[in-house]
Structures are given as structure tokens and as C-alpha cells.
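Visitor: Please show me the chain, and then let me ask about it piece by piece.

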Amino acid sequence: MTVREAQRLSKTLNIQNKKDKDFLRPSGIISENILFTDASDNGKVIWFTKSQERPLLFTEQLSIPNGLANVPPLVWCANKQGMKIFALENNQRPNAETPFFPRSFFQCV
């Protein structure tokens with residue numbers, strides 16, 4: 001391996017390491033809907049959304065028609081491996097004492 005090739009490889013690896021380490025590191029103002037971020041190697045982000053009417057799309061295998069649905073207020077928890085969703089009682093920003101309700105949708109894993 002030439003010196004030039006080694007330098008290119010080193011630069012590529014440094015860029016890849018930086019991408020992995022920049023996971024969930026915001027570069028500006030964070031939305032007020034964000035409740036928690038963990039930028040570690042196994043990081044995650046937790047946010048909430050207020051109730052809203054949203055189009056829902058399903059695969060034909062489920063035999064559920066696509067269409068508009070009233071979606072309740074939700075808490076979302078996502079990491080590199082998947083996502084979990086929990087329902088809330090109201091549209092207020094949740095806190096540590098806010099109860100979560102059984103999910104309204106299939107868990108995305």
C-alpha cells in the first residue's frame with residue numbers, strides 16, 4: 001500500500017467514525033417536541049406528536065384499507081435498531097409522571 005492509499009484509507013475511516021459518532025447530535029435548535037436524546041453508540045431519541053388526522057397506508061397482506069385516520073397523541077422512541085410507539089391521554093407535552101397507554105399501532109422493530 002502506498003502512502004497516498006494509506007492516507008485515503010485513513011481519511012475514509014475517520015469520516016466513517018465521525019458519521020457513527022454524530023448519530024443524534026443536533027446541529028441547531030431542537031424542536032420542542034423532542035423529549036430526550038442519547039447520542040451514545042446505542043443512542044436513541046424520544047419525541048411526541050399531538051393528535052392529528054393522518055393518511056395511513058397498509059400492505060395488501062393485512063387486508064386493512066388505506067385512508068385517513070384520527071391518530072392520538074403519541075410518544076415515539078427510536079434507535080438504530082427500531083422504533084416503539086406509545087399513546088398519550090392528551091396533547092400536553094409529557095413529563096416523567098405522564099402515563100403511557102398501550103400502543104395504537106403495530107410496533108416497528
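The questions and answers below go from the whole chain to single residues.

Visitor: What kind of model is this, and how are residues numbered?
Guide: This is a predicted model, in which local features need pLDDT of at least 70, side-chain atom pairs count only at pLDDT 80 or more, and totals for chains, interfaces and linings use all residues. Side-chain values use heavy atoms, with hydrogens and water left out, and residues are numbered along each chain as its sequence is written, from 1.

Visitor: Which pattern does the protein chain follow along the sequence?
Guide: Helices (H or I, at least four residues) and strands (E, at least two) are DSSP runs, numbered from the N terminus. Read along the sequence, the pattern is α-β-β-β-β-β-β.

Visitor: What percentage of the residues in the protein chain is buried?
Guide: Buried means under 20% relative accessible area, exposed means over 50%, and partly exposed is in between (1.4 Å probe, protein chains only). The protein chain has 109 residues, and the buried share of them is 15%.

Visitor: Among contacts between residues at least 6 apart in sequence, what share joins residues at least 24 apart?
Guide: Contact means heavy atoms within 4.5 Å. Of the contacts described in the question, the share that joins residues at least 24 apart is 37%.

Visitor: How many residues apart in sequence are the parts that W47 and W76 tie together?
Guide: Rings of Phe, Tyr and Trp (its six-membered ring) pair if their centres lie within 6.5 Å; planes under 30 degrees apart count as stacked, over 60 as edge-to-face and the rest as tilted. A search of the whole structure gives two aromatic pairs. In one of them, the ring centres of W47 and W76 are 5.8 Å apart and the planes are at 5°, so this pair is stacked. W47 is in strand β2 (residues 44-49) and W76 in strand β5 (residues 74-79), so the parts tied together are apart in sequence by 29 residues.

Visitor: Where do F86 and F100 lie?
Guide: F86 and F100 form a stacked aromatic pair, 5.5 Å centre to centre with 25° between the planes. The pair ties together parts 14 residues apart in sequence, because F86 lies in strand β6 (residues 83-87) and F100 in the segment after β6.

Visitor: Is F100 buried or exposed, or in between?
Guide: The relative accessible area of F100 is 42%. That value makes F100 partly exposed.

Visitor: Which side chain does T49 join by a polar contact?
Guide: T49 is in strand β2 and, at a relative accessible area of 18%, is buried. Not counting residues up to four places away in sequence, T49 touches P73, L74 and W76. A polar contact is a pair of N or O atoms within 3.5 Å; within protein, one must be able to donate a hydrogen and the other to accept it, and residues adjacent in sequence count only if both atoms are side-chain atoms. Such a contact, of 3.0 Å, joins the side chain of T49 to that of W76.

Visitor: How far apart in space are L68 and R54, C-alpha to C-alpha?
Guide: L68 lies in strand β4 (residues 67-71) and counts as exposed because its relative accessibility is 61%. Leaving aside neighbours within four places in sequence, L68 is in contact with E53, R54 and P55. L68 and R54 are 14 residues apart in sequence, and their C-alpha atoms are apart in space by 5.4 Å.

Visitor: With which residues is T37 in contact, leaving aside its neighbours within four places in sequence?
Guide: T37 is in strand β1 (residues 34-38) and is partly exposed at 34% relative accessibility. With those neighbours left aside, the contacts of T37 are K44 and V45.
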